[in-house]
Amino acid sequence: MGESLTELKKPQRRLLEAIQGMGPSSEGFTRREIRERVGISDTRLRALLEDLVGLEYLRPTENGGQGRACRYRLTDLVEGDDRRLPGLTTPEALAARLAVS
């Protein structure tokens with residue numbers, strides 16, 4: 001993951017690109033904001049968002065429910081140009097650990 005968007009089907013890739021085009025947001029985006037931007041049905045949007053969350057391109061920041069809006073944010077892997085996986089030791093960190101041992 002992170003090297004390319006080839007693991008995404010065309011509708012998922014289009015949705016992800018549309019969300020990226022919405023600009024950075026510290027609060028994330030509601031389903032309504034995304035739906036208005038993309039122009040697809042709520043049912044289809046929910047399915048695509050669930051796919052993107054499962055593939056770790058998006059993460060929910062609020063679960064909604066009880067009148068609250070469900071918000072989604074791009075994961076760090078998608079937001080930046082940094083292609084490292086979270087939690088993976090970098091070559092520099094590994095060399096530093098080995099030098100200490």
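Residues count as exposed when their relative accessible area is over 50%, as buried when it is under 20%, and as partly exposed in between. These classes are applied below to a predicted model.

The protein chain contains 5 helices and 3 strands. From the N terminus on, the order of elements is α-β-α-α-β-β-α-α. The chain has 101 residues, and 27% of them are buried. Its accessible surface comes to about 7,000 Å². Carbon and sulfur atoms account for 48% of that surface. Among contacts with a separation of 6 or more, 46% join residues 24 or more positions apart.

Two packed helices are described by the angle between their axes and the distance between the axes. Helix α1 spans residues 10–21, and helix α3 spans residues 42–54. Their axes come within 10 Å and cross at roughly 85°. Angles of 65 to 115 degrees count as roughly perpendicular, and α1 and α3 therefore fall in that class. On the α1 side, the contact is made by P11, Q12, L15, L16 and I19. On the α3 side, R44, L45, L48, L49, D51 and L52 take part. By class, the residues of this contact divide into 8 nonpolar, 1 polar and 2 charged.

Helix α1 also packs with α2. The angle is about 105°, and the axes are 10 Å apart. That makes α1 roughly perpendicular to α2. From α1, the residues involved are L15, A18, I19 and G21. They meet I34, R37 and V38 in α2. This contact of α1 with α2 has 5 nonpolar, 1 polar and 1 charged residues.

Charged side chains were considered next. The structure holds 4 salt bridges. One of them links E36 and R32, with N to O at 3.1 Å. E36 and R32 both lie in helix α2, which covers residues 31–38. They are 4 residues apart, about one turn of the helix. Both E36 and R32 are exposed.

D42 takes part in salt bridges with two arginines, R35 and R46. In the pair with R35, the closest N and O atoms are 3.0 Å apart. In the pair with R46, the closest N and O atoms are 2.9 Å apart. R46 and D42 both lie in helix α3, 4 residues apart, about one turn of the helix. D42 has a relative accessible area of 26% and so counts as partly exposed. R35, at 27% relative accessibility, is likewise partly exposed. R46 is partly exposed because its relative accessibility is 43%. Through shared partners, salt bridges join R31, R35, D42 and R46 into one network.

T30 is found in strand β1, residues 29–30. R68 lies in strand β3, residues 68–74. T30 and R68 are 38 residues apart in sequence. Their C-alpha atoms are 10.0 Å apart in space. T30 is buried, because its relative accessibility is 10%. R68 has a relative accessibility of 54% and therefore counts as exposed. Leaving aside residues up to four places away in sequence, T30 touches A69, C70 and R71.

One backbone feature remains. E56 lies in the loop between α3 and β2, the latter covering residues 58–65. The phi angle of E56 is near 65°. This is a positive value in a residue other than glycine.

Conventions: Residues are numbered from 1 along each chain as its sequence is written. This is a predicted model: local features need pLDDT of at least 70, side-chain atom pairs count only at pLDDT 80 or more; totals for chains, interfaces and linings use all residues. Side-chain values use heavy atoms; hydrogens and water are left out. Axes are lines fitted to C-alpha atoms, for helices over the stretch in contact, and angles run from 0 to 180 degrees between N-to-C directions. Helices (H or I, at least four residues) and strands (E, at least two) are DSSP runs, numbered from the N terminus. Angles under 35 degrees count as roughly parallel, over 145 as roughly antiparallel, 65 to 115 as roughly perpendicular and the rest as oblique. Contact means heavy atoms within 4.5 Å. Ala, Val, Leu, Ile, Met, Phe, Trp, Tyr, Cys and Pro count as nonpolar, Asp, Glu, Lys and Arg as charged, and the others, Gly among them, as polar. Buried means under 20% relative accessible area, exposed over 50%, partly exposed in between (1.4 Å probe, protein chains only). Accessible areas come from the Shrake-Rupley method with a 1.4 Å probe; for residues, only the protein chains shown count as cover.
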